[in-house]
Amino acid sequence: MGQLHFVAIGGTLRAFSSTERALRKALALAETRGARTTLLSGDAINFPLYSPENAVRSELASAYVETLRSADAVILGSPGYHGAISGFVKNALDYVEDMNRDDRCYFDGLPVGCIATAAGWQAAVATLQQLRVITHALRGWPTPLGIAINTIGETGDPVEQNPIPAHLGMMVDQLFQFYNRSTL
Ligand SMILES: Cc1cc2nc3c(=O)[nH]c(=O)nc-3n(C[C@H](O)[C@H](O)[C@H](O)COP(=O)(O)O)c2cc1C
């Protein structure tokens, strides 16, 4: 098995986005375990609203889809906005529709880790569930462990403090395990 390519999608356009920082942390953990990684967040996914009727794609959107075509594992990260995945992240995921005629349709056969952040548990958990449902719709395999982060930490930044880094490491391990098991 060659070097795996881990691709993370999501975050917000906000400076110091906690969702983006969680995605970066997950990718860094994947790198320490031997993967190469690509982060698709912020300006890299700031696309026009997806429109299936319009075949014209920006260079950015075309590059995004090309990157996804080379992914061996995907990590999704969204904030909870009004109890749900943000429009910004959903729009980026709508562009995965451009892979509908690929030999590997959408995320078919790929392990997918999901991370949700919110200023409370209810939206964090609801958003995590939605990311997992979307993963199923895109034919991906959500890892058993998903990550819900309540960004209102009582003692500092939850993204930087255990248990979140430890849980991110467990989720990244599960993404790798998908390949260990499938090659048995
Ligand atoms: C438009 C909007 C709607 C939000 N709705 C909720 C919500 O329903 N429940 C919640 O707990 N937090 C909500 N939040 C807070 C965000 O989920 C939270 O701050 C998140 O961590 C922001 O992610 P970021 O740091 O990556 O930008 C909302 C924030 C915004 C801007």
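Q: Buried means under 20% relative accessible area, exposed means over 50%, and partly exposed lies in between (1.4 Å probe, protein chains only). Does L76 count as buried or exposed?

A: L76 counts as buried, because its relative accessibility is 1%. The structure is a predicted model, in which local features need pLDDT of at least 70 and side-chain atom pairs count only at pLDDT 80 or more, while totals for chains, interfaces and linings use all residues. Residues are numbered from 1 along each chain as its sequence is written, and side-chain values use heavy atoms, with hydrogens and water left out.

Q: In which element is L76 placed, and which residues is L76 in contact with?

A: Helices (H or I, at least four residues) and strands (E, at least two) are DSSP runs, numbered from the N terminus. L76 belongs to strand 3. Contact means heavy atoms within 4.5 Å. Leaving aside neighbours within four places in sequence, the contacts of L76 include I9, L23, L93, F107 and L131.

Q: Where does S78 lie, and is S78 buried or exposed?

A: S78 also lies in strand 3, and S78 is buried because its relative accessible area is 0%. Beyond four places in sequence, S78 touches several residues, among them T19, S86, V89, I115 and T127. A polar contact is a pair of N or O atoms within 3.5 Å; within protein, one must be able to donate a hydrogen and the other to accept it, and residues adjacent in sequence count only if both atoms are side-chain atoms. Here the side chain of S78 reaches the backbone nitrogen of S86 at 3.1 Å.

Q: How many residues surround the ligand?

A: A residue is near a molecule or strand if one of its heavy atoms lies within 4 Å of it. The ligand is surrounded by 16 residues, and R14, S17, S18, T19 and G80 are the closest. Strand 3 gives the largest share of this shell, with 3 residues. Helix 1 (18-32), strand 3 (73-81) and strand 5 (111-118) each supply at least two residues of the shell.

Q: How many residues of each class does the shell around the ligand have?

A: Ala, Val, Leu, Ile, Met, Phe, Trp, Tyr, Cys and Pro count as nonpolar, Asp, Glu, Lys and Arg as charged, and the others, Gly among them, as polar. By this division the shell has 5 nonpolar, 10 polar and 1 charged residues.

Q: Which residue has a backbone N or O atom 2.8 Å from a nitrogen atom of the ligand?

A: That residue is H82. A polar backbone atom of G120 is 3.2 Å from an oxygen atom of the ligand. For T151, an N or O atom of the side chain is 3.3 Å from an oxygen atom of the ligand. The protein covers 71% of the 640 Å² of accessible area that the ligand has on its own. Accessible areas come from the Shrake-Rupley method with a 1.4 Å probe; for residues, only the protein chains shown count as cover.

Q: Which residues of helix 3 are buried?

A: In an α-helix there are 3.6 residues a turn, so residues three or four places apart point the same way. In helix 3 (residues 87-94), the buried residues are F88, V89, N91, A92 and L93. Their cover includes strand 1 (5-10), helix 2 (59-69) and helix 4 (121-137). N91 counts as buried because its relative accessibility is 7%, and N91 touches F47, P48, L49 and Y50, not counting residues up to four places away in sequence.

Q: In which sense do strand 5 and strand 7 pair?

A: Two strands pair if DSSP finds at least two bridges between them. Strand 5 and strand 7 pair in the parallel sense over 4 bridges, and I115 stands opposite I147 in strand 7. Both faces of strand 7 (residues 147-150) are covered, with I147 and I149 buried on one side and A148 and N150 buried on the other.

Q: What is phi of F16, and which peptide bond is cis?

A: Most residues other than glycine have a negative phi, and most peptide bonds are trans. F16 has a positive phi, near 65°. F16 lies in the loop between strand 1 and helix 1 and is exposed, because its relative accessible area is 60%. Phi of R139 is also positive, near 70°, and R139 lies in the loop between helix 4 and strand 6 (141-142). The peptide bond from N162 to P163 is cis, with omega near 20°.
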